[in-house]
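Biologist: Please show me this chain and take me through it in questions and answers.

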Amino acid sequence: MENLQLWDFRLIDFVDVFLVAILLYYIYKLVKGTVAINIFIGILIIYFAWRLTDYLQMHMLYSIFDGFMKVGIIALIVVFQPEIRKFLLLVGSTNIGGKKGIFKNFKFLKNDDQTTTDVDAIINACNKMGATNTGALIVIERNNNLDFLTNTGDEMNILVSQPIIESIFFKNSPLHDGAIIIDNNVVKATRVILPVNNEKNIPERFGLRHRAAVGITEKTDALAIAVSEETGQISYFKSGEFVMFKDTDDLTKKIKEDLA
């Protein structure tokens with residue numbers, strides 16, 4: 001029998017490995033920083049234990065793990081339902097024919113000289129608005145395309161800056177109601193209506209802005225920043241959860257890391 005040669009590696013095999021790598025990359029991106037990563041590791045441990053008990057012919061343990069693995073696909077759907085929804089949204093919102101194209105979602109293929117979001121300007125604006133108890137809701141787009149939400153508000157094309165954000169949310173501004181969506185350092189929409197989450201146990205002191213921030217970050221991989229109109233407090237949301245931070249410098253660092 002001929003030995004398998006390394007040179008037998010075909011072009012289609014390379015494509016296969018490349019696509020699997022992309023799939024694993026996006027699975028990691030979806031579960032990174034959430035409790036789902038621990039659940040995912042636990043499932044991997046159970047899978048390897050299942051294979052090991054089969055190899056060692058440990059029949060009782062194998063039957064237990066085998067029973068779990070037989071319903072594993074259903075368990076995966078239930079446990080990873082938010083992550084699966086985000087992944088399907090990522091695939092379904094990809095605009096192959098548009099100017100952004102499918103490779104907009106593959107951030108590791110982007111050039112370093114492309115425009116990045118001015119997080120410092122956003123946080124400085126939030127600080128100023130918080131000092132005057134000016135309510136604000138800012139959504140920063142990542143991989144999932146949020147164009148399906150822009151038609152609920154007013155489409156824009158404004159470069160992000162601190163004065164621009166402050167003027168949008170100024171109480172007498174016609175644009176201050178609703179959220180703004182920022183993509184690649186551009187305000188792409190204002191007065192956007194976001195899906196509101198009614199299931200999470202959010203403290204009563206937080207209102208619709210915070211529920212909307214939970215809703216959009218739970219349904220997509222976007223980031224959200226809310227400024228309370230009552231207290232001036234700044235809140236940061238990712239994956240449908242509050243993200244704790246020490247001060248605004250720490251908040252700026254966390255957002256930059258999440259956008260990297």
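Modeller: Buried means under 20% relative accessible area, exposed means over 50%, and partly exposed lies in between (1.4 Å probe, protein chains only). This is a predicted model, in which local features need pLDDT of at least 70, side-chain atom pairs count only at pLDDT 80 or more, and totals for chains, interfaces and linings use all residues. Residues are numbered from 1 along each chain as its sequence is written, and side-chain values use heavy atoms, with hydrogens and water left out.

Biologist: How many helices and strands are there in the chain?

Modeller: Helices (H or I, at least four residues) and strands (E, at least two) are DSSP runs, numbered from the N terminus. In the chain these come to 10 helices and seven strands.

Biologist: What percentage of the 260 residues in the chain is buried?

Modeller: The accessible surface of the chain is about 15800 Å², and 61% of it belongs to carbon and sulfur atoms. Such areas come from the Shrake-Rupley method with a 1.4 Å probe, and for residues only the protein chains shown count as cover. Of the 260 residues, the buried part is 37%.

Biologist: Which strands stand at the edges of the sheet?

Modeller: Two strands pair if DSSP finds at least two bridges between them. The seven strands form an open sheet of mixed pairing in the order β2-β4-β3-β1-β5-β6-β7. An edge strand has a single partner, so one side of it is left without a neighbour in the sheet; the edge strands are β2 and β7.

Biologist: How many of the six residues of strand β2 are buried?

Modeller: Strand β2 (residues 154–159) pairs with strand β4 (residues 186–192) in the antiparallel sense over four bridges. Within that pairing, Glu155 has Ala189 of β4 as its bridge partner. Strand β2 lies largely in the open, because the number of its six residues that are buried is zero.

Biologist: Which residue in β3 is the bridge partner of Ile138?

Modeller: Strands β1 and β3 (residues 179–183) pair in the parallel sense over three bridges. In β3, the partner of Ile138 is Ile180.

Biologist: How many residues apart in sequence are the parts tied together by Glu141 and Lys188?

Modeller: A salt bridge is a side-chain nitrogen of Lys or Arg within 4 Å of a carboxyl oxygen of Asp or Glu, and the whole structure has seven. One of them joins Glu141 and Lys188, with the closest N and O atoms 3.0 Å apart. Glu141 lies in the loop between β1 and α7 (147–150) and Lys188 in β4, so the separation in sequence is 47 residues.

Biologist: Is Lys238 buried or exposed?

Modeller: The side chains of Lys238 and Asp258 meet in a salt bridge (3.1 Å, N to O). Lys238 lies in strand β6 (residues 234–238) and Asp258 in helix α10 (residues 248–259), so the pair ties together parts 20 residues apart in sequence. At 16% relative accessibility, Lys238 is buried.
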